[in-house]
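Me: Hi! I'd like to go through this structure with you, a few spots at a time. Ready when you are.
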Amino acid sequence: MGTTDTTATGRSDGKRSGFRKSLMTLAASVMLASSVQAATPSTAEVNTTELAVTDDTVTVGILHSITGTMAISEIGSVQAEKLAIDQINASGGVLGRQIEFVQEDGASDWPTFAEKTRKLLRQDNVAAIFGAWTSASRKAILPVIEQFNGMLYYPTFYEGLEQSPNVVYTGQEATQQILASIDWAVETKGAKTFYLLGSDYIWPRTSNKIARKHIDKLGLKVVGEEYYPLGHTQFNSVINKIKLKKPDVIFASVVGGSNVAFYKQMKAAGVDFTDEKPLLLTISVTEDEIRGIGGENVEGIYASMKYFQSLDNPNNKEFVAAFKEAYGDDMVIGDVTQAAYLGPWLWKAAVEKAGSFDIDKIREEFAGIEFDKAPEGYVRIHENHHLWSKTRIGQAQIDGQYKVVHETEELMEPDPFPEGYQ
Amino acid sequence: MFDGYTSSELMSIFAMQGFAGLSLFSVFVLMALGLAIIFGQMGVINMAHGEFMILGAYTTYLTSGFFQSYLPGLFGGYFFIAMVLAFFICAALGALVEWLMIRHLYHRPLDTLLATWGLSLIMQQAYRSIFGAREVGVDLPEWMMGAIPVTDMVDLPINGLFVMVIALSVAVGVYLLMYRSGYGKKVRAVVQNRPMAEAVGINSAGIDRATFALGCGIAGIAGAAFTMIGSTGPSSGQAYIVDTFLVVVFGGAQSLIGTIVSAFGISQAQSTMEFFLSGSMAKVLTLLVVIGILMIRPEGLMALKVRR
């Protein structure tokens, strides 16, 4: 838990009592010894806002869709969050308290997300909520979580243009995913022309706006930009257009069931992605999606994400093994699932740095919190509540896994309000 | 609009777009035939049509799994068996649903609408519990993948051709059944005048059940065919249902020929406009044209002329 070095430097304000300072030092030194059992501060001390914290437990909320159309995507996040909670509990809990959770079902229905948030915050008094997946559900939660001052840990890569004091964004915002991937295509593949294709809603449209701006800035050309309604199943026309325009790169952000239709029809139309003519670069197909599309239909495409299941580092090996042990050998882990796994760990780090479960105290400590046990490698929370993280390019293999072919050298800075890109 | 394309490229565009339109047409025909038969015969709008279709798709998925594990040598031909299975499984479930639910609700069109919608939700959740919320990938035999190159620009996708052949066979089959068989004669008699048909000794309840089963069975075949071009998940059927209703209503609810003509018109209009406009705009324009024509001809393109 790489929080120890920042606890010392991160608290420069003099408002804290000396008692708590020494407590924090104690907690820090205990953490260095990788055991938090000994430090169990009193409940009155760590919880001044009537959250559901007792002398030996703390309650959090999990709020995802486990029924309805979004269940397909969100169940992985629920599994990852529960795994993280189990692991934290096994290693001694948070501030000496075992985590208990209340799980609610958002049912793929945005007003339900708002209602369940209200229930979690007002009735269950949860100390944190891990949840939401689509931007629409996050936007529904937002006014409620801000009104009652809760804290949401949101796992999905998303379009940016948001920064709430009551949300921590553990997925990438659009610029982190897009800029690095276009630079990569230009530098290593010599791409000059791009065809932007997406489903017709806010995330693909904003992403393509960012992509187009960046392509313009590099002096290269967008030869087509196209959107299809969610759930669209016939892509023959756009495939013909692509064949005619012969772009170097198809930049795709098609989501959901449309994905399956798109890749199957590309394959049927005689496009072999392994030829890279054109090269297909996507920001929306994780290992999860490939299960539905079929590895043989996407073999050779490139995806730009921060996490792939095949990442070769000890943290990830441990994580994948633990995930498979908990949920079965045939599980696949996508980018969002990994980001969801970070939520409880980052919350734990923030709580222990603040020495309190109070939302206001945690918020002050977010900036600079590090987590070096992340399966994706090292991450750090930016003061804008997003994560510094590396962006990777993976090439899809026939077995449905990605082979990592590129990784940014530096952590990408999260920039939810990119200048001139809006 | 045509700027920047050479004339040979334009020729290729029209050839490819024509083919794209034809594949869309076969998809529409496969979906709409089953719905049109049921609607025309009984006045029942089957909101669960898409879910019957997905049942056919899951049947295909299970069959392909079975062949991979037990009969890998025959994998190349599993698809035909899957289609037959899909037809009979969906038809059997259709007959059961008619017997349990629909027959109690005849002459109450709004109630059947609600009841079949409820059925569609139940079926979706059942798929979710049985097969999981994730879409499943259906493996295709090698010969169904890829394309036949005709010229440099024009490739004909094999699975598109295959869907077309299925659609054509089903349409011909339905035509023969409706217009060249004893059963078809009875169906048409019931459609035109139910009390008179009953008076001459036709078992109209039996005809209803058979027709509902037939419609659902055709949905099953459609589902099997769509595993090649689309996704197979608990709610994938929803993606097709709106277009299907559009085709049936536009064609004239009781006319099979009308259904086919309207499927052809809508698919060609849609795919041509998709090429020159964006996908969303093409859909908007298609809908506007359909609404416009329906205002002039509320009965649809080809209404059945009967005395009421």
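Me: First up, where is H385(A) found?
Reply: H385(A) sits in the loop between strand 12 (379–381) and strand 13 (387–388) of chain A. Helices (H or I, at least four residues) and strands (E, at least two) are DSSP runs, numbered from the N terminus. This is a predicted model, where local features need pLDDT of at least 70 and side-chain atom pairs count only at pLDDT 80 or more, while totals for chains, interfaces and linings use all residues. Residues are numbered from 1 along each chain as its sequence is written, and chains are lettered from A and ligands numbered from 1 in the order in which they are written.

Me: Is H385(A) buried or exposed?
Reply: H385(A) is buried, because 22 other C-beta atoms lie within 10 Å. The cut-offs: buried needs 20 or more other C-beta atoms within 10 Å of the residue's own, exposed means 12 or fewer, and partly exposed is in between, with C-beta atoms placed from the backbone. H385(A) also has a positive phi of about 70°, although it is not a glycine.

Me: What about E276(A), what is its phi?
Reply: Phi of E276(A) is near 60°, again a positive value in a residue other than glycine. E276(A) lies in the loop between helix 10 and strand 9 of chain A, and it counts as partly exposed because 16 other C-beta atoms are within 10 Å.

Me: Which peptide bond joins K277(A) and P278(A)?
Reply: A cis one, with omega about -5°. P278(A) is in the loop between helix 10 (257–268) and strand 9 (279–282) of chain A, and P278(A) is buried, with 21 other C-beta atoms within 10 Å.

Me: And what is P278(A) in contact with, leaving aside its neighbours within four places in sequence?
Reply: I242(A), P247(A), D248(A), V249(A) and I250(A). Contact here means that the C-beta atoms of two residues, placed from the backbone, lie within 7 Å. P278(A) and K243(A) are 35 residues apart in sequence, and their C-alpha atoms are 8.8 Å apart in space.

Me: On to the two chains. How many residues of chain B are in contact with chain A?
Reply: 41 residues of chain B are in contact with 33 residues of chain A. Among the elements giving two or more residues to that side of chain B are strand 1 (147–149), strand 2 (155–157) and helix 9 (238–251) of chain B. Helix 1 of chain B gives the most, with 7 residues.

Me: How does that side of chain B split by class?
Reply: It has 17 nonpolar, 16 polar and 8 charged residues. For the classes, Ala, Val, Leu, Ile, Met, Phe, Trp, Tyr, Cys and Pro are nonpolar, Asp, Glu, Lys and Arg are charged, and the others, Gly among them, are polar.

Me: Where does helix 1 of chain B bend?
Reply: At A32(B), by about 30°; the bend at a residue is the angle between axes fitted to the seven residues ending there and the seven starting there. Helix 1 of chain B is mostly covered, with 28 of its 36 residues buried. Just after this helix, G43(B) takes a positive phi of about 70°.

Me: Nice. At what angle do helix 5 and helix 8 of chain B cross?
Reply: Their axes come within 10 Å and cross at roughly 170°, so helix 5 of chain B is roughly antiparallel to helix 8 of chain B. Axes are lines fitted to C-alpha atoms, for helices over the stretch in contact, and angles run from 0 to 180 degrees between N-to-C directions. Under 35 degrees counts as roughly parallel, over 145 as roughly antiparallel, 65 to 115 as roughly perpendicular and the rest as oblique.

Me: Which residues meet there?
Reply: V163(B), I166(B) and V170(B) in helix 5 of chain B meet I218(B), I221(B) and A225(B) in helix 8 of chain B. That contact divides into 6 nonpolar, no polar and no charged residues.
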